[in-house]
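Student: I've got a model open and I'd like to talk through part of it. Can you take me through it step by step?

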Amino acid sequence: MRMHGERLRVLAGAALMVGVAVACGGQGDGGGSATVTATAPAKGTATGPSEGGDVAPTVSAPRFDEEIGLPDGRRVGMAYVEGRGLVERHRDADTRVWSPPRVVYATATDRCQSLTLKAFDTTVAVIADWGDYCYDGEPPMESIAAVGTGDLSRWDTKLTRSFDGWSKVAPVGGSGDLVFTRGSTEWLTRLRWSGAEGFAEVEEIRR
């Protein structure tokens, strides 16, 4: 009877150990986690629909060198991408889904420090520069003025070489046209863009 009682206690202890191992994710549980921790998505992230009560994974927003919002709720972001050039993505106001990356200007030249995005209603203007050692302070070798309109599926660009880069862009009255400028003590360099004709030629105007 004593041996029979000891055997029962051993068997009961073994069964208890197996139950603990399964509950904690031991062998035989398929490698699954015992708990799921849900965290609130960070600002700028989107979540997909969940099924069966599972926590939906978060999708991080793209990282840009510069990003702006439009009055209609869309967002536009751009980045210098090494070996590719200037890359653009925009986010739909309703679905909050970012478009695939689009190369606005292709170049393998080193990036400069600044990247300017300006929104004028639903028109987006861009100033970007590239050059050897430009990020360290050398002057640009490639300067881009770019304008996107409508659904932003098409961008007008104007390349100016061996130029110090555009300083600013501003609207022209109520025409919808834009003008890119760079000034010095003696000269005003100007570039005009219109929705009907695109970019004009660069003008040098003596002050």
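This is a predicted model: local features need pLDDT of at least 70, side-chain atom pairs count only at pLDDT 80 or more; totals for chains, interfaces and linings use all residues.

Student: Is threonine 107 buried or exposed?
Tutor: Threonine 107 sits in the loop between β6 (102-106) and β7 (111-120). Its relative accessibility is 11%. The cut-off for buried is under 20%, so threonine 107 counts as buried.

Student: Which side chain makes a polar contact with the side chain of threonine 107?
Tutor: Leaving aside residues up to four places away in sequence, threonine 107 touches Gly83, Arg84, Gly85, Trp130 and Glu142. For the polar contact, the two side chains come to 3.0 Å, and the partner of threonine 107 is glutamate 142.

Student: How many residues of strand β8 are buried?
Tutor: Take the two faces in turn. Thr123, Ala125, Ile127 and Asp129 point one way, and Val124, Val126, Ala128 and Trp130 point the other way, with all of them buried. For β8, residues 123-130, that makes the buried count eight of eight.

Student: Which residue in β9 is the bridge partner of valine 124?
Tutor: β8 pairs with β9 (residues 142-148) in the antiparallel sense, over seven bridges. In β9, the partner of valine 124 is glycine 148.

Student: And which residue takes a positive phi in the hairpin of β7 and β8?
Tutor: β7 and β8 are also antiparallel, with seven bridges, and leucine 115 stands opposite alanine 128. The hairpin has two residues between the strands, and the one with a positive phi near 60° is aspartate 121.

Technical notes. Residues are numbered from 1 along each chain as its sequence is written. Side-chain values use heavy atoms; hydrogens and water are left out. Helices (H or I, at least four residues) and strands (E, at least two) are DSSP runs, numbered from the N terminus. Buried means under 20% relative accessible area, exposed over 50%, partly exposed in between (1.4 Å probe, protein chains only). A polar contact is a pair of N or O atoms within 3.5 Å; within protein, one must be able to donate a hydrogen and the other to accept it, and residues adjacent in sequence count only if both atoms are side-chain atoms. Contact means heavy atoms within 4.5 Å. Two strands pair if DSSP finds at least two bridges between them.
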